[in-house]
Amino acid sequence: MPLHLQQNIGPKTKLYVWRIEEAFEDLFDEIHLTDWNVVRVMSMKSEQHQRGFLSVRKLFEAAGYTDFDVTYDKTGKPHLSDGHHISISHSHGFSAVIVSDVTVGIDLELMRDKIVRIADKFTSEDEEAYLEPNSNEYVSQLTVIWGVKEAIFKIRNEIGISFKDHITTFAFDINSGQATARLDFESVHRHFDVKFQYVEDHMLVYAFETTDATAL
């Protein structure tokens, strides 16, 4: 069973990571999908995306849910029927789900050198001031920053938020596994506590609004 990781993040938050090894057909046969999600998965052009989607449903099961317990609002944000908060991500060889009593966002990214080429598209001036392009940790740092912004965007889920202009990750130690960040968007100003960890060649990042993080 490729449940790669199951971890308690405090008493109210649980993290699940799946190693995607199965063929599409095997995953599809093991999962009972809603009619709408059968249509969704069969319309996906990439088998990698299909397998990621289905492996997330395996994580629902690991967390005690089924595909029928999860709905999506008009912006695509998932919601659980019992009122708990959930966030989802998948990338290449892994998928991840986090379930909590508090608002949470998660992102999982394969670490690749090509992120360096697009760094100026999503890093702010404050972030560029502490980043070290010649460091062996540069790709890891950039991947954390991208993951932070993805996770925060999933929490807020508001049209118009710019990764470069509206979300700032403060200087962090890549070995600490933690960081802080801020969102400044129109009249919204929010602070976030962030955790991150390596999952083999991927970086896993999850974020909580500071007011929620104290409740973990």
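## Strand pairing in a predicted model

In this predicted model, the hairpin formed by β9 and β10 has 2 residues between its strands, and Glu186 adopts a positive phi near 55 degrees there. Strand β9 covers residues 178–185, and strand β10 covers residues 188–199. The two strands run antiparallel and are joined by 8 bridges.

Strand β9 also pairs with β8 (residues 167–169), again in the antiparallel sense, over 3 bridges.

In β9, Ala179, Ala181, Leu183 and Phe185 make up the covered face, whereas Gln178, Thr180, Arg182 and Asp184 make up the uncovered one.

A further group of 4 strands forms an open sheet with antiparallel pairing, in the order β1-β2-β6-β5. Strands β1 (3–8) and β5 (85–91) stand at the edges; each has a single partner strand, so one side of each lacks a neighbour in the sheet. On average, neighbouring strands of this sheet are turned by 10 degrees against each other, direction ignored. Within the sheet, β2 (residues 13–19) pairs with β6 (residues 94–100), and Trp18 stands opposite Ser95 in β6.

The bridge counts for these pairings are tabulated below.

| Strand pair | Sense | Bridges |
|---|---|---|
| β8 and β9 | antiparallel | 3 bridges |
| β9 and β10 | antiparallel | 8 bridges |
| β2 and β6 | antiparallel | 7 bridges |

Key
Residues are numbered from 1 along each chain as its sequence is written. This is a predicted model: local features need pLDDT of at least 70, side-chain atom pairs count only at pLDDT 80 or more; totals for chains, interfaces and linings use all residues. Side-chain values use heavy atoms; hydrogens and water are left out. Buried means under 20% relative accessible area, exposed over 50%, partly exposed in between (1.4 Å probe, protein chains only). Two strands pair if DSSP finds at least two bridges between them. Axes are lines fitted to C-alpha atoms, for helices over the stretch in contact, and angles run from 0 to 180 degrees between N-to-C directions.
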